[in-house]
Amino acid sequence: MNHQRRDALKAAGGLGVFGLLAAIGFIRPELAHAARNEAAFSAKSLDAVVAALGATTPAESGGILISAPDIAEDGAAVPVGVLSTLPGTDQIVIMVEKNLNMVAASFVIASGTMADVQTSIKMGQTSNVLAMVRADGKYFVAKREVRVTLGGCGG
Amino acid sequence: MTNPTRIRAIAKDGITEVRMRMSHDMETGQRRSASGELIPAHFITSVTVRHKDRVVLAAEFSTSVSANPSLAFRFEGGAKGDELSVSWVDNRGGGRSDTVQIA
């Protein structure tokens with residue numbers, strides 16, 4: 001009897017501490033709602049990414065412009081920019097076809113933010129860089145080959 | 001133990017251009033140390049950029065983003081002196097937040 005009561009007290013005490021930490025901001029809201037789509041980030045093919053995102057099969061679109069060097073001497077930092085001219089673009093996903101996991105980065109574009117992002121990515125070898133965009137609830141994709149002379153994923 | 005994100009935000013003609021560089025190893029988890037042991041993955045998983053309190057860009061990264069990630073984008077609005085903050089978290093629960101005033 002006593003044991004049970006103590007266990008119950010412990011459990012309640014534990015919850016209390018968690019709640020207190022959350023309340024004083026020790027547990028950041030960013031962590032609390034970190035609903036990362038792990039399936040998308042571990043996908044090995046465009047089909048798998050599409051499935052993980054619950055997306056429709058993306059149509060190839062000339063309205064997505066990928067800026068990247070034709071030849072990258074250093075695969076460790078390849079500058080890539082994606083600009084979508086498709087109205088209602090609210091998501092941009094940058095993928096590297098031949099990397100171990102395809103998805104490099106995914107961006108949620110708030111209203112009022114231009115569908116135009118630039119970052120730099122690692123490429124293990126010469127590969128297509130893909131940009132998938134959600135615009136007005138539909139998905140579109142474009143690709144561009146980047147030749148890599150020195151890979152950026154190994155040791 | 002993290003270094004500040006270097007942020008530049010410039011407002012011009014109603015549009016704010018934001019450029020930043022975060023300081024992070026972005027370790028892939030595939031590299032081996034000199035002694036042959038795998039170096040565990042350590043990378044930024046998400047980045048949130050806020051103008052005042054409004055999220056203008058949210059990003060999720062994999063290990064395929066370069067070390068010391070750079071990020072550039074533009075948004076409508078923003079005025080000189082407004083606060084712009086960049087916060088990131090990594091896969092080990094690390095994180096930081098930096099704020100600048102739009103120039």
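In what order do the six strands of the open sheet run? The order is β2(A)-β4(A)-β7(A)-β5(B)-β2(B)-β1(B), with antiparallel pairing. Keep in mind that this is a predicted model. Here's a quick tour of that sheet and of how chain A and chain B meet.

**The sheet**

- Two strands stand at the edges, namely β2 (64-67) of chain A and β1 (6-12) of chain B. Each has a single partner strand, so one side of each is left without a neighbour in the sheet.
- On average, neighbouring strands of this sheet are turned by 15° against each other, if you ignore direction.
- Strands of a sheet pair through backbone hydrogen bonds, and that can be done parallel or antiparallel.
- Within chain A, β2(A) is joined to strand β4 (residues 78-84) by four bridges, and the two run antiparallel. One spot to look at is S67(A), whose bridge partner in β4(A) is G81(A).
- Between the chains, β7(A) and strand β5 (residues 70-76) of chain B are linked by two bridges, again running antiparallel. Here you'll find Q118(A) opposite A72(B) of β5(B).

**How much of each chain is involved**

- On the chain A side, 34 residues make contact, and they meet 35 residues of chain B.
- For chain A and chain B, the buried area is about 2700 Å², with 47% of it on carbon and sulfur atoms.

**Polar and charged links**

- The rule picks out two salt bridges across the interface of chain A and chain B. One of them pairs R36(A) with E60(B), where the closest N and O atoms are 3.9 Å apart.
- Polar contacts between chain A and chain B come to 21 residue pairs, with both residues at pLDDT 80 or more.

**What chain A brings to chain B**

- α2 (29-32), β6 (103-109) and β7 (116-121) of chain A each put at least two residues into the side that touches chain B.
- β6(A) gives the largest share of that side, with seven residues.
- Sorted by class, the side of chain A that touches chain B holds 17 nonpolar, 12 polar and five charged residues.

Notes:
Residues numbered from 1 in each chain as written. Chains lettered and ligands numbered in written order. Predicted model: local features only at pLDDT ≥ 70, side-chain atom pairs only at ≥ 80, totals over all residues. Heavy atoms only, no water. Contact = heavy atoms within 4.5 Å. Buried area = accessible area lost by both parts, 1.4 Å probe. Salt bridge = Lys/Arg side-chain N within 4 Å of Asp/Glu carboxyl O. Polar contact = N/O pair within 3.5 Å; in protein donor to acceptor, adjacent residues only side chain to side chain. Nonpolar A, V, L, I, M, F, W, Y, C, P; charged D, E, K, R; others polar. Pairing = 2+ DSSP bridges. Axes fitted to C-alpha atoms, helices over the stretch in contact; angles between N-to-C directions.
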